[in-house]
Amino acid sequence: MRHTREGRHVLGDGRKLAWSAHGSDSGTPVLFLAGAASGRTMLFGTDVLDELDVTLVTVDRPGMGESDHHDGRTLQSTAEDLADFASTWGGPLPVVANSQGAPFGLACAALGVARRLVLVSPVDEIAVQPCRSTLSKEMRAMVDTVQEDPGAAERMFAAFGPDGMEDMVIGSAGDEDRRIFTQSEFLDMYRRALREGFASGGVGYAVDTRIAMSPWALPYDEIGCDVHVLTGGRDRHHTTDFGAGLTARVDSATRTVVDGAGGALLWTHARYILETALGGPFRPTHAGFELIGGPEQRPIVLVPSSALWPRRFDAERRRIRRALGDRALRIDHIGSTAVPGLPAKPIVDIDVSVGDPEDEDSYLPALVEAGYRLRVREPGHRMLRTPDLDVHVHVCQAGGDWERRHLLFRDWLRVDARDRNDYAELKRLLAQQNWADMNQYAAAKGPLIASITERAESWATRAGWRVSTANR
């Protein structure tokens, strides 16, 4: 049975923070920082709290719900308030931060509040590059208003109101997320949380959003705890690159993109999120991202498009087919070397679709025997490569998100010269920089890739594009 306790924590200057605790009275406390405009009644995982022996602790940030307003509140001051509060629970604590709660979770981690931080469907730092360049014209104008006239921005945010926020969130959600958000029990909870978020005329939410849309200026190098970034493979709203850039900024961070999940990941995968916060790996199907051999520093060398790349793909396709036979349901040439006219690193990327990428015994030994070496293991995806590092073989789920995203991106760049040229220009600029880790280079491309993907999705809808039955 779920138990709820409530209280008021008195800070050093006399202000009070309103909090609630849910679950076992003696369980491990997990601090939950909810997303935009959500007060302390926003919960997740209530059906597993007792089983996992967890006390889920929620708190209204200053100015929201029943917590006192704080004039001049900043990201740092909010984290300091939360640190003071967490100390009464025996901090540092496991912390879960969702959506717009992410910057506050990171600020808490930098202060040593978090023993382990799980960022679920996090927003990114949109006020700085490279995120800013991916924003729509309207969103860039809003970010500019935050910088130039924060008071006007806060008044604009406060006027949104709980009904406006509900309409925006549910109206823009995908079909699967909307089914979660419109369930009566969830909707009742969400509406209560929104009323808390917009308490006192929405001032607290307005400040929250102004902080989230400003440069965070966080000391990422001071984050010493494990950070886990979890995003849904179908989430098109929280970050433009599925958390890749955010992950790259924190040395201790790992990232998992959950195939098939959307923006409601916090509720569809609550058990796994809480288990990750408690110290286990995130494993809805398999352990989280694993980089075999660790980070690598290699020069980024771009070369002009070459007719040799399709020939190399054909040779590798025959090699893979001999190794896997019918277990390879399709074998496709993807990535930049599959797009005529696009400069690329001389590495041929190949997508191999199988029935179940988690069933490694059905394909991995055969590919290793054929000469490939495992490099990446993550839910729904494995990457192997040749000893000369000139071919990358990506194993994914047949008919899954990974397969579709990469084929759509390839086909769109083949037909759209503007996005093809923009992508080429970004690659040239990034190639001029020194990268301590190849994954950081890949993450830096993420925002533009996400922006291009949005246009590709619109094209797919207009043109009736579908994954072809023929391998290409």
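This dialogue works through several local features of a predicted model.

Biologist: At what angle do α5 and α9 pack?

Modeller: The angle is about 125°, and the axes lie 8 Å apart. The pair is therefore described as oblique. In handedness, the crossing of α5 with α9 is right-handed.

Biologist: Which residues of α5 and α9 meet?

Modeller: From α5 come Pro 150, Glu 154, Phe 157 and Ala 158; from α9 come Tyr 205, Ala 206, Val 207, Thr 209 and Arg 210. Sorted by class, this contact comprises 6 nonpolar, 1 polar and 2 charged residues.

Biologist: I turn now to Arg 15. Is Arg 15 buried or exposed?

Modeller: Arg 15 sits in the loop between β1 (4-10) and β2 (16-23). Its relative accessibility is 10%, and it therefore counts as buried.

Biologist: With which side chain does the side chain of Arg 15 make a polar contact?

Modeller: The partner is the side chain of Asp 81, at 3.1 Å. Beyond its neighbours within four places in sequence, Arg 15 also has contacts that include His 9, Pro 62, Asp 68 and His 70.

Biologist: How should I read backbone angles, and where is there a cis peptide bond?

Modeller: As a general idea, most peptide bonds are trans, and most residues other than glycine have a negative phi. In this structure, a cis bond joins Gly 91 and Pro 92, with omega about 5°. Pro 92 belongs to the loop between α2 and β5 (93-98).

Biologist: What is the phi of Ala 37, and what is that of Ala 217?

Modeller: Both are positive without the residue being a glycine: about 60° for Ala 37 and about 50° for Ala 217. Ala 37 is in the loop between β3 (28-33) and α1 (49-52), whereas Ala 217 is in the loop between α9 and β7 (226-232).

Biologist: Are these two alanines, Ala 37 and Ala 217, buried or exposed?

Modeller: Ala 37 counts as buried because its relative accessibility is 0%. Ala 217, at 69%, counts as exposed.

Notes. Residues numbered from 1 in each chain as written. Predicted model: local features only at pLDDT ≥ 70, side-chain atom pairs only at ≥ 80, totals over all residues. Heavy atoms only, no water. Axes fitted to C-alpha atoms, helices over the stretch in contact; angles between N-to-C directions. Helix = DSSP H or I, 4+ residues; strand = E, 2+ residues; numbered from the N terminus. Parallel < 35°, antiparallel > 145°, perpendicular 65-115°, else oblique. Left-handed = near helix turned anticlockwise from the far one by under 90°. Contact = heavy atoms within 4.5 Å. Nonpolar A, V, L, I, M, F, W, Y, C, P; charged D, E, K, R; others polar. Buried < 20%, exposed > 50% of the residue type's maximum accessible area, 1.4 Å probe, protein only. Polar contact = N/O pair within 3.5 Å; in protein donor to acceptor, adjacent residues only side chain to side chain.
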